[in-house]
Amino acid sequence: MKKEKSIWKVITASSLGTLIEWYDFYIFGSLATVIAGQFFPKTNPTAALLSTLATFAAGFIVRPFGALVFGRLGDIVGRKYTFLLTLVLMGGSTFAIGLVPSYETIGFAAPLIVLLLRLLQGLALGGEYGGAATYVAEHAPKERRGYFTSWIQTTATLGLFVSLGVILITRHALDDDPQASIAKFNDWGWRIPFLLSIVLVIVSIYIRLKMQESPLFSQLKAEGKTATNPLKESFGHKANLKMVLLALFGATMGQGVVWYTGQFYAQSFLENVCKIDFDQSRTILIWAILFGTPFFVFFGHWSDKVGRKWIMLAGMFLAVVTYKPLFQQLLQLSDVEQKTEITEERTEQTTLQPIAGSTDSVRTIEIYQSYTDGTQLHMLAKDTLYDDFNRYTKPIVQQTKQLGSGGYWKMVAIVFVMIIYVTMVYGPIAAFLVELFPTRIRYTSMSLPYHIGNGVFGGLTPFIATLLTTIYTGDPLVGLMYPIIIAGICVLIGAIYLSNRKTIH
């Protein structure tokens with residue numbers, strides 16, 4: 001009973017810190033469209049969004065380097081102090097992003113500073129996850145590793161959940177008038193979620209300072225058997241390097257693209273392709289995450305009984321064969337061409353704003369349309385009318401949609417299915433990785449394939465998928481080719497070369 005109580009203390013302390021680090025890391029992605037207007041020139045919104053997503057992805061690309069730096073430290077010094085350091089580094093970087101002046105204030109220095117802070121965040125996260133997963137696994141009974149480590153697996157999704165919740169609460173709390181609240185949030189309110197993180201980090205540091213070192217690592221240290229050069233032992237020995245590569249190409253690569261497609265690209269697709277408004281695109285994801293999160297523990301626990309391999313590969317396979325139909329359903333649910341308009345509720349207003357020092361004017365056309373299923377469409381078109389009023393520039397058109405309750409909950413159900421795939425691939429993977437490698441080099445060996453798979457292959461998913469949709473504009477689903485191909489390769493390699501046998505160290 002005492003041992004059971006002790007493991008739950010370990011899980012709580014580890015999970016809280018890891019959840020906060022994910023919260024810090026994902027605020028940036030959750031606010032990509034807002035940040036695009038703050039730190040990049042506003043003359044080309046698409047280029048600004050892609051630049052923001054590229055900056056977001058940069059934090060993922062450096063995660064493997066963080067895995068090497070902090071993994072080595074964790075295998076030499078210990079698990080506890082290493083992921084205490086990563087927490088401080090992550091919290092400080094996130095807080096600092098909330099203080100960076102906008103592009104209009106300091107020019108190109110703004111995106112450069114943000115990029116530097118994102119790189120620091122990526123380095124910190126590269127050391128955090130491997131430490132937390134290893135720490136919990138080394139406290140857990142061998143026969144229940146999947147169950148206990150699956151609680152750590154919930155933190156990434158819950159971190160995204162908390163970031164979305166804080167953003168929505170902040171956005172609505174700034175002003176009673178919705179339009180004024182949106183304007184204030186886009187201007188300066190977006191900084192609040194970043195600045196709030198410092199409070200969460202301080203609490204987590206306090207809790208982690210009270211934690212004890214992992215018993216398996218403490219035993220190795222007492223016996224003088226800790227690794228002196230974990231990088232060389234991890235990657236210089238052929239047998240261990242083979243396991244690192246197999247973990248990457250047979251598991252974590254596919255797991256990474258499924259994770260980021262089901263959560264980040266799904267949100268980006270709702271907002272930028274389906275044109276669902278800010279609040280609905282995020283609450284759809286929040287509900288799906290809320291319903292789906294218990295399944296991390298379900299599949300982690302199940303993997304203790306039947307093994308890790310086939311649960312993870314099944315999640316990847318289902319993603320490969322169903323992503324296109326699922327995203328096509330999202331498109332159809334948002335397509336107003338297939339809905340019946342209530343024409344008597346349509347409103348249209350045109351305003352002309354003279355341009356100072358010329359005889360030209362900026363024309364704004366605002367249209368509100370309602371549909372029988374409860375959908376609301378708001379279109380805003382702006383162009384320039386020249387002095388003869390017969391010539392005008394190509395209009396910039398913005399549109400947002402609010403779905404009726406039927407369409408809204410259908411979208412929640414579709415995204416929930418994608419989250420189930422996430423839980424299948426992600427729930428068992430910490431135990432899978434821990435069991436591949438011996439204790440003395442575990443932190444280093446498991447961290448690198450995890451963070452290449454998630455940080456590089458997974459983290460690039462929103463950027464590459466969005467980029468593909470801007471290149472091949474005729475097919476809104478073309479962005480899905482990236483995760484489908486990567487997950488498909490992983491299923492093939494994993495099915496052939498991965499063992500379902502649990503190798504216990």
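Does W287 count as buried, exposed or partly exposed, and at what relative accessibility? I looked this up in a predicted model, in which local features need pLDDT of at least 70, side-chain atom pairs count only at pLDDT 80 or more, and totals for chains, interfaces and linings use all residues. Residues are numbered from 1 along each chain as its sequence is written, and side-chain values use heavy atoms, with hydrogens and water left out.

**Entry 1: W287.** I found W287 partly exposed, at 32% relative accessibility; buried means under 20% relative accessible area, exposed over 50%, and partly exposed in between (1.4 Å probe, protein chains only). W287 lies in helix α14, helices being DSSP runs of H or I of at least four residues, numbered from the N terminus.

**Entry 2: L330.** I placed L330 in helix α16, residues 309-334. L330 has a relative accessible area of 0% and is therefore buried. Setting aside neighbours within four places in sequence, I noted that L330 contacts F269, L270, C274, M411, I414 and M418, contact meaning heavy atoms within 4.5 Å.

**Entry 3: α8.** I traced helix α8 over residues 145-173; its 29 residues reach 42 Å from first C-alpha to last, close to the expected 42 Å, which is 1.5 Å times one less than the number of residues. I recorded a bend of about 30° at T157, taken as the angle between axes fitted to the seven residues ending there and the seven starting there. Because 22 of its 29 residues are buried, α8 is largely enclosed by the rest of the structure.

Methods: Helices (H or I, at least four residues) and strands (E, at least two) are DSSP runs, numbered from the N terminus.
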